[in-house]
Amino acid sequence: MEKLEFLGTGTSTGLPVPGCRCRVCRSEDPRDTRLRSSIFWHGKNVSVLVDTGPDLRQQLLRSRITHIDLVLITHTHADHIHGIDDLRTLSYRNPQGSIPLYASPEDCREIRRRFDYIFPENPGAGHGGGRPHLSLHSLEAFQPVQAGDLTVTALPVWHGRSMVYGYLFETRDAAAVYLTDISTLPDDTLAFLQKRPLDLLVIDGLRPSPHPTHFSFSEALEAARQVAAGSTYITHLSDEVTHVEAEGLLGPAAQPAYDGLVVEVGNGETWGIHS
């Protein structure tokens, strides 16, 4: 059975927010402690990490992840990419000698620019210490990538004025879509998803109130209605509501995700560190 694990479900600051004394940041409910948003796909014969945020080391250790077959990047904002160096030790153990990393053509250029020390073709790469062994691959919108029995397809969505990627995971027995950091679901992406029977939708829902670059709860619920997946989880949550309050506001149509939650894709069974 395929499993999707939430490594992080928080917004760009993570929760608790440094210096904040709001009731959510002071909450004793462990589900209100949210690292930067990321997921891990535990497949039958392939393991996939989506995004390498600043909390990646902590996430890998907590979830006891010892092998990654490939990495997918949604976009290059700091909360989704600035832990890339923590792939170093796992990349050394990869039988292929490096971990393939996929991103949009624009994001590949940005990754090369921002982390120039990583790539051997760049002058000075690796000087002053070790570097992650990564092979960077440009991925066009709606382009599928095959890894074992898993097909992953890049889905363009709008994040404010920026086009970023969500990802569709498909095997013979399961289908899940991950759409974090989204403010508009383009018609072509929606039509693409509506042609497929989806077991699971994970979608950005920053807070109950509107935001210029993220879905609010109501916008996320409307997108979930249009996509019509078997179950829906909300991620990239802010400190505006607690987990319990989010459950009440979302109602039966969706559930707030939390760090450490694992969902079996195909039958909806869930468990996690705070279950």
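At 16% relative accessibility, Phe192 counts as buried; here buried means under 20% relative accessible area, exposed over 50% and partly exposed in between, with a 1.4 Å probe and protein chains only. The model is predicted, so local features need pLDDT of at least 70 and side-chain atom pairs count only at pLDDT 80 or more, while totals for chains, interfaces and linings use all residues. Residues are numbered from 1 along each chain as its sequence is written, and side-chain values use heavy atoms, with hydrogens and water left out.

The count of aromatic pairs comes to four, where rings of Phe, Tyr and Trp (its six-membered ring) pair if their centres lie within 6.5 Å, and planes under 30 degrees apart count as stacked, over 60 as edge-to-face and the rest as tilted. One of the four is stacked: Trp41 and Phe169, at 4.9 Å centre to centre with 15 degrees between the planes. Trp41 lies in strand 2 (residues 38-42) and Phe169 in strand 9 (residues 162-170), so this pair ties together parts that are 128 residues apart in sequence. Strands (E, at least two residues) and helices (H or I, at least four) are DSSP runs, numbered from the N terminus.

Phe192 pairs with Phe142 in a tilted arrangement, 5.2 Å centre to centre and 50 degrees between the planes. Phe142 is in the loop between strand 6 and strand 7 (144-147), and Phe192 is in helix 5 (residues 187-194), 50 residues apart. Phe142 is partly exposed at 25% relative accessibility.

Arg131 sits in the loop between helix 4 (105-114) and strand 6 (134-138). Arg131 is buried, with a relative accessible area of 19%, and its side chain reaches the backbone oxygen of Ile118 at 2.8 Å.

Cys20 is partly exposed at 26% relative accessible area, and Cys22 is partly exposed at 23%.

The largest pocket holds about 200 Å³ of space. On a 1 Å grid over the protein atoms alone, a pocket is an open set of points where a 1.4 Å probe fits, with protein on both sides within 12 Å along at least five of seven lines; lining residues have an atom within 4 Å of a point. Helix 1 (56-62) and helix 3 (88-92) each supply at least two residues of this lining, which includes Arg57, Leu61, Asp86 and Arg88.

Definitions and conventions: Points joined across faces, edges and corners; volume = space filled by probe spheres on them. Polar contact = N/O pair within 3.5 Å; in protein donor to acceptor, adjacent residues only side chain to side chain.
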